[in-house]
Amino acid sequence: MKKIVGIILIILVFISCKNTPKIIAENQSYSENAITQSELIKSESNQTELIAQKILDLPKLQWIYHPEVKERLPVKVLESELIDKNLNLIKFGQKVRILSMSELEKEGIKDFVIFDKIKIGKDTTDFELHYKIEGAGCSGKLLKENGEWKVIDYSVWEN
């Protein structure tokens, strides 16, 4: 009886050792996949930041910000699904304030940019924004060439 128990224990040890590398490999693969997804989210956020900054810096759009008016700085942007508080946007040497609608209302802020659309594709981005206090807006398209986003077409309108 002791021999049978001993043999069963030896078989169990061998079986468990045989499956250990597979379990380790599965866990490692899961870990690598989690890192890849995290990097992808960070990459998408970085890409959105680059695109939003490029749009804010469009030459024909600069007049709407009125940086000469003290109350207009820093530039404010409405927080949205794409434009979140983690983005590091700069305008006129100051960090852009990204605020929720409730924060804007609470502070009585009326001069804020709204990104109505940023549709990021593989190598093109369509965008629209408006600045209600000026009755102005902008729409256009960016193209990704050699890993860099370039403005290919945009127009500014005013009511």
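**Salt bridges and cores**

Modeller: This is a predicted model. E134 has a relative accessibility of 18% and therefore counts as buried, the limit being under 20%.

Colleague: Which residue does E134 meet in a salt bridge?

Modeller: Its side chain pairs with that of R72, at 3.0 Å from N to O. R72 also counts as buried, because its relative accessibility is 13%.

Colleague: Why does the pair tie together parts that are apart in sequence?

Modeller: E134 is in the loop between β6 and β7, whereas R72 is in the loop between α1 and β1, so the bridge joins parts 62 residues apart.

Colleague: How many salt bridges are there by this rule?

Modeller: The count is six. Among them is the bridge between E103 and K85, at 2.5 Å. E103 belongs to helix α2 and K85 to the loop between β1 and β2, 18 residues apart. E103 is partly exposed at 27% relative accessibility, and K85 is partly exposed at 37%.

Colleague: Turning to the largest nonpolar core, which residues touch the most other members?

Modeller: They are I55, I83, V113 and F115, in a core of 26 residues. The element that gives the most to this core is α1, with four residues.

Colleague: What is F115 in contact with, leaving aside its neighbours within four places in sequence?

Modeller: F115 contacts A52, I55, L56, V77, I83, E128 and L129.

Colleague: And which residues does the second, separate core include?

Modeller: That core has six residues, including L78, L104, F112 and I114.

Key. Residues are numbered from 1 along each chain as its sequence is written. This is a predicted model: local features need pLDDT of at least 70, side-chain atom pairs count only at pLDDT 80 or more; totals for chains, interfaces and linings use all residues. Side-chain values use heavy atoms; hydrogens and water are left out. A nonpolar core is a set of buried Ala, Val, Leu, Ile, Met, Phe, Trp, Tyr and Cys residues joined through side-chain atoms within 4.5 Å. Buried means under 20% relative accessible area, exposed over 50%, partly exposed in between (1.4 Å probe, protein chains only). Helices (H or I, at least four residues) and strands (E, at least two) are DSSP runs, numbered from the N terminus. Contact means heavy atoms within 4.5 Å. A salt bridge is a side-chain nitrogen of Lys or Arg within 4 Å of a carboxyl oxygen of Asp or Glu.
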